[in-house]
Every structure is written in structure tokens, then in C-alpha cells.
Amino acid sequence: MRIVSNKPLLAKSERSADHPAIFATISARVGSISDNRLGGWYSYRISKAALNMGMKNLSIEWRRSLKDVCVVVMQPGTVDTQLSSPFQGNVANEKLFTPAYSVARLLAVLDSMSAAQSGGFVDWAGESIPW
């Protein structure tokens, strides 16, 4: 994985510990190794776990070279899309989100992030997800 294109932009951004520049990516709870209770979905889980590891690694590296930057992995909840439609049968109505609602929640969480939270994996409500 090679992630370098955003570093120069982040280096030039106005930021502080309380208002860091944010580098975020969307992942899935099923990419959590310690939160895996069902197994299966090998390719999807492995790809998300690899993304999560890459972002965690990036957060460690950038902590040394970019002050006041927050690298975060985000889980948007179960969003009502074609991707999730085959898996919505066991999802409670109040836990199935429209894309607009999910985005609004993720943006609210990002708005509250600090540089000290860099390297985290959080859900749409701002709750930490174990790696």
C-alpha cells in the first residue's frame, strides 16, 4: 500500500491539536480481528483488515512527521445500499441508515476528532471499535 499523495496537502493545512487535519477512510466492523464472532466472508474481511492495518501504520508514521493530523478509520453503520441489501434481514429498522444520515453522522464524528485520537477505528456514533 502506498499512501503519499495527501501528505503534502496535510503538511500545508492549517491545524491544531484540537482542530487537526483529518485523513479518514471508510472500513467495516467485519475488518476488526477481535470483534469477529462469525468467521466467513474471507476476502471481504481480509481486505478490510488490511486497510485497517495500513491506516494504523500510517497514523504511527505520520505522528512522527505530521503534527496535529488525525488518521482515522470509520465504520458508517449499515447503510441501505445495493451492497448491504442481501444482509439487511437481521438489521433493525433503526440501525439501517440512509446514505445521507450515515454521512451526516460520520461528519459529526470527524468534527469532534482531535489529533490525540489518530490511529483510531470508530463507528458512526464515535464509539471505538477494537482492532
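Colleague: What span would be expected of helix 3, and what does helix 3 reach?

Modeller: This is a predicted model. In it, helix 3 covers residues 99–111, which makes 13 residues. At 1.5 Å a residue, 18 Å is expected. From the first C-alpha to the last, helix 3 reaches 18 Å. The span is close to the expected value.

Colleague: Which residues of helix 3 are called buried?

Modeller: S102, L106, V109 and L110. The word applies under 20% relative accessible area, and these four fall in that class.

Colleague: What puts them on the same side of helix 3?

Modeller: Their arc around the axis is only 100 degrees, so they share one side of helix 3. The spacing of a helix fits in here. With 3.6 residues a turn, an α-helix points residues three or four places apart the same way.

Colleague: Which residues sit on the face turned away from that side?

Modeller: That face of helix 3 carries A100, L107 and D111. They are exposed, and exposed calls for over 50% relative accessible area.

Colleague: What covers the buried residues of helix 3?

Modeller: The cover includes strand 1 (21–26), strand 2 (69–75) and strand 5 (120–123). Strand 3 (78–79) and strand 4 (96–97) also take part. Helix 3 lies across strands 1, 2 and 5, at about 150 degrees to strand 2.

Colleague: In what order do the strands of the open sheet run?

Modeller: The order is 1-2-5, with 3 strands and parallel pairing.

Colleague: Why is one side of strand 1 and of strand 5 left without a neighbour in the sheet?

Modeller: Because both stand at the edges, each with a single partner strand. From one strand to the next, the twist averages 35 degrees.

Colleague: How many bridges join strand 2 to strand 5?

Modeller: There are 4. Pairing needs at least two bridges, so strand 2 and strand 5 count as a pair. One example is M74, whose bridge partner in strand 5 is V122.

Colleague: How many aromatic pairs does the structure hold?

Modeller: It holds 4.

Colleague: Why is the pair of F23 and W62 called edge-to-face?

Modeller: Two values decide. The ring centres are 5.4 Å apart, and the limit for a pair is within 6.5 Å. The planes stand at 70 degrees, and edge-to-face begins over 60. So the pair is edge-to-face.

Colleague: What makes this pair a link between distant parts of the chain?

Modeller: F23 is in strand 1 and W62 in helix 2 (residues 42–65), 39 residues apart. Both F23 and W62 are buried.

Colleague: Which residues form one aromatic cluster?

Modeller: F97, Y101 and W124 do.

Technical notes
Residues are numbered from 1 along each chain as its sequence is written. This is a predicted model: local features need pLDDT of at least 70, side-chain atom pairs count only at pLDDT 80 or more; totals for chains, interfaces and linings use all residues. Side-chain values use heavy atoms; hydrogens and water are left out. Helices (H or I, at least four residues) and strands (E, at least two) are DSSP runs, numbered from the N terminus. The expected span of a helix is 1.5 Å times one less than its number of residues. Buried means under 20% relative accessible area, exposed over 50%, partly exposed in between (1.4 Å probe, protein chains only). The arc is that of the directions from the helix axis to the C-beta atoms. Contact means heavy atoms within 4.5 Å. Axes are lines fitted to C-alpha atoms, for helices over the stretch in contact, and angles run from 0 to 180 degrees between N-to-C directions. Rings of Phe, Tyr and Trp (its six-membered ring) pair if their centres lie within 6.5 Å; planes under 30 degrees apart count as stacked, over 60 as edge-to-face and the rest as tilted.
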